[in-house]
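Good morning. Please have the sequence and the model open while I talk.

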Amino acid sequence: MAESKKMYLNMGPHHPATHGVLRIELELDGETIVNATPRIGYLHRGIEKLAENRNYQQIIPLTDRLDYASASANNMGYCVTVENLMGTEVPKRAQYLRVIMAELARIMGHHLWIGTHALDIGAMSVVFYAFRDREMIMDINEEIAGYRLTPTFFRIGGVAHDATPKFIQMVRDFVKWFPKGLDGYHKLLTENKIWTTRTMDIGTISAEEAVNYGFTGPSLRGSGVAYDLRKAFPYSSYDDFDFQIPVGDKGDVYDRYLVRMEEFSQSLKIIDQAIENLPEGPVNVDNPWISNPDLDEVQKDISALIRRFMIHVKGPVAPEAEVYQAVEGAKGELGFYLVGDGSEHPYRLKIRSPCFYLASALPRLMVGHMVADAIAIIGSIDVVLGEIDR
Amino acid sequence: MSYKNVIQTIHKKFPEAIVNECENKGQREISLAKNRFYETMRVLQENTDLPYDLLIDILGIDYTPRTPRFDLVYILLSTKDFSRLIVRLKAEEGEEIPSVSSIWHSADWAEREVYDLMGIPFSDHPDLKRILTWKNFEGHPLRKDFPLEGKDFDKPFDPETIEDYT
């Protein structure tokens, strides 16, 4: 009788299919995974510690670098939390612009996911189509914010500036064009025999187990739990829009794929409603302690100049209070627990990262599958290491 | 209604478990006593009225020089009606807190992170070791007495000195 020996395979941290610097130690029996140990921390930048030493406005660019694939969605989470702590209400036009940016970011994150996920499994062409469409959103970001990947368009109490007519036209063009692009992805993958064989019944997780492992977002909805923060705890005018929450039932890689594919069209629906019903009005809260005066005003009025200087040097002050606020990021529940101490810095900022918990379930999802399926599983839970390691 | 039932169940089973109950910016919040902490958390997860089956996050807050030094905050969610509950526990420095990773699996990594960055140890944790930093890293970065620029930023970085778990 042949003797069976366990083999250890080190996957990552520099492996293209781990979507960053995730390292997984795989214990193999032949080609079957018997144990998997994820190791994280290669991208730990100490964002929570840094945040304690910066003022509230200065933390916004840090949040861009959490889930860098969908940066505006993180800005949304942070800004909504700070505004909740300070007790300010953002004008309607700014809320709608934020929704447009966050949903565009969600689509952008899903573009990266569909491209790399398909590439990992071996469908080479999808990534080109996905990145062609992602490029359009990058151009929109560039038009409104100047940056392409990490726009930092949000401010405490509103957004950086009003939308330009060109921005509105570009968003309209994208909304008009993208259903065709999405149709292309569906044609390439959804009923593709190779794709379904590689993804169906792989990495299956039941609803109870997914909840127990702390899943949120599309990965939890793939298992059949309709938990979406945009519906459960509406923020930033999400209750104005009509959209559905797609859910799967089996909780395998294919279900998570279908959920995300449907989220493309639901996000598009929200953007369409937001851009067509964009209310008139200011884009910043009318509070001299929080918002920046207009540049026009600064050039004419000395007090506006001083105010602008003080806002930038000192920043807004938050009261002595604690708040937990979460938003639906592209990957799941992105929460911020913010403790204010009456100064211009947070006393403590804890970022609840959805990917952290998704990655912790990797051993549970992988054990019993083949090595090649490990790649499909990592792709299907869509981890971004910037968010795991913070 | 059902939230009140849960609180009543806990009151009946463990009369001194809940130290304080309040609402903070529309968020339900309870403070628990250290003895009976684990059992109370189990009731919160297992009751049939309103099971808090999703542990969203665990975090530590360093309130030095106050004693007890730390606040541990558990954010729970019920997938039954999607309501949140914040559970608060005070912890002394170096004091072991019962691990809840046998109740919620998501607590496994969350507690490791709290241990790593805040230095709060957990008893009965299956695999309590550092998660974001490395094995021989000194100190706990999110404590208030840990300097922002790190402890040995002026020395040249030598990767050979880093030991990691095998």
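I will go through chain A, then a sheet and a helix in it, and then chain B.

This is a predicted model, where local features need pLDDT of at least 70, side-chain atom pairs count only at pLDDT 80 or more, and totals for chains, interfaces and linings use all residues. Residues are numbered from 1 along each chain as its sequence is written, while chains are lettered from A and ligands numbered from 1 in the order in which they are written.

Chain A has 17 helices and eight strands. Helices (H or I, at least four residues) and strands (E, at least two) are DSSP runs, numbered from the N terminus. The C-alpha trace of chain A spans about 90 × 45 × 35 Å along its principal axes. A compact globule of 390 residues would have a radius of gyration near 21 Å, and the 22 Å of chain A agrees with that. That radius is taken over C-alpha atoms, and the globule rule is 2.2 Å times the number of residues to the power 0.38.

How many of the 390 residues of chain A count as buried? The share is 52%. Buried means that 20 or more other C-beta atoms lie within 10 Å of the residue's own, with C-beta atoms placed from the backbone.

Now the sheet. In chain A, three strands form an open antiparallel sheet in the order 6-7-8. Strand 6 (322–328) and strand 8 (346–352) of chain A each have a single partner strand, so one side of each is left without a neighbour in the sheet. Two strands pair if DSSP finds at least two bridges between them. Strand 7 (residues 333–340) and strand 8 of chain A are joined by six bridges in the antiparallel sense. On strand 8 of chain A, A:K350 is the bridge partner of A:Y337.

Next, helix 16 of chain A, residues 371–381. Is this helix mostly covered or mostly uncovered? It is mostly covered, with nine of its 11 residues buried. Among them are A:D373, A:I377 and A:I381. Just after helix 16 of chain A, A:D382 takes a positive phi of about 55°.

Last, chain B. It has three helices and seven strands, which follow the pattern α-β-β-α-β-β-β-β-α-β along the sequence. Its C-alpha trace spans about 60 × 35 × 25 Å along the principal axes. Of the 166 residues in chain B, 34% are buried.

Notes
A residue is buried if 20 or more other C-beta atoms lie within 10 Å of its own, exposed if 12 or fewer, and partly exposed in between; C-beta atoms are placed from the backbone.
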